[in-house]
Amino acid sequence: MNADQLGAELRRLGCKVRSCGGHGYIFMPKRSGGIKLDGSNIHFWDCGINVEIDAHLAFERLHALPDGSGYQKIWSSLQEAAA
C-alpha cells in the first residue's frame, strides 16, 4: 500500500479527506484527526485515539468495508484490529 492507495480507499469509503503532505490525510471538515502511512504501519489519530497498526492488516480491514461506510466505520474497524 502507498499513500495514494490509502487516499483512494478513504474516498471509496466516503470520507472527505485533505492530503496534508507528511501528515497523511486529515479528515474534513472536523480536522481533529487523520491517518497516514508510516513505514510499514498505518498511524491514525483523533480525540482520544492514537494508534499504529500493520499497514497490510489496516488495508485488509478497510478494503473489507462496503463503499460509503464512512468515518465511524473506519475508526471502529481499525480500533478493533489494533486491540
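Before anything else, my burial cut-offs: I call a residue buried under 20% relative accessible area, exposed over 50% and partly exposed in between, with a 1.4 Å probe and protein chains only.

Note on the source: this is a predicted model, where local features need pLDDT of at least 70, side-chain atom pairs count only at pLDDT 80 or more, and totals for chains, interfaces and linings use all residues. Residues are numbered from 1 along each chain as its sequence is written, and side-chain values use heavy atoms, with hydrogens and water left out.

**Entry 1: aspartate 46.** Aspartate 46 is in strand β4; helices (H or I, at least four residues) and strands (E, at least two) are DSSP runs, numbered from the N terminus. Is aspartate 46 buried or exposed? Its relative accessible area is 10%, so I log aspartate 46 as buried. I then listed its contacts (heavy atoms within 4.5 Å). Skipping neighbours within four places in sequence, aspartate 46 touches Lys30, Ser32, Gly33, Tyr71 and Trp75.

Leucine 10 sits in helix α1 and counts as buried because its relative accessibility is 0%. Beyond four places in sequence, leucine 10 contacts Cys15, Val17, Tyr25, Phe27, Ile35 and Ile74.

**Entry 2: helix α3.** I looked up which residues of α3 are buried and found Ile74, Trp75, Ser77, Leu78 and Ala81. They cover an arc of only 165 degrees around the axis, so they lie on the same side of α3; the arc is taken from the directions from the helix axis to the C-beta atoms. These buried residues pack against α1, β2, β3 (34–38), β4, β5 and α2. On the face turned away from the buried side I found the exposed residues Gln72 and Glu80.

**Entry 3: aromatic rings.** My pairing rule: rings of Phe, Tyr and Trp (its six-membered ring) pair if their centres lie within 6.5 Å, and planes under 30 degrees apart are stacked, over 60 edge-to-face and the rest tilted. I get 4 aromatic pairs by this rule. Phenylalanine 27 and tyrosine 71 have ring centres 5.1 Å apart and planes at 75 degrees, so I file them as edge-to-face. Phenylalanine 27 is in strand β2 and tyrosine 71 in helix α3, so this pair ties together parts 44 residues apart in sequence. Tyrosine 71 also pairs edge-to-face with tryptophan 75, at 5.3 Å centre to centre and 65 degrees between the planes. Those two are 4 residues apart in helix α3, about one helical turn.
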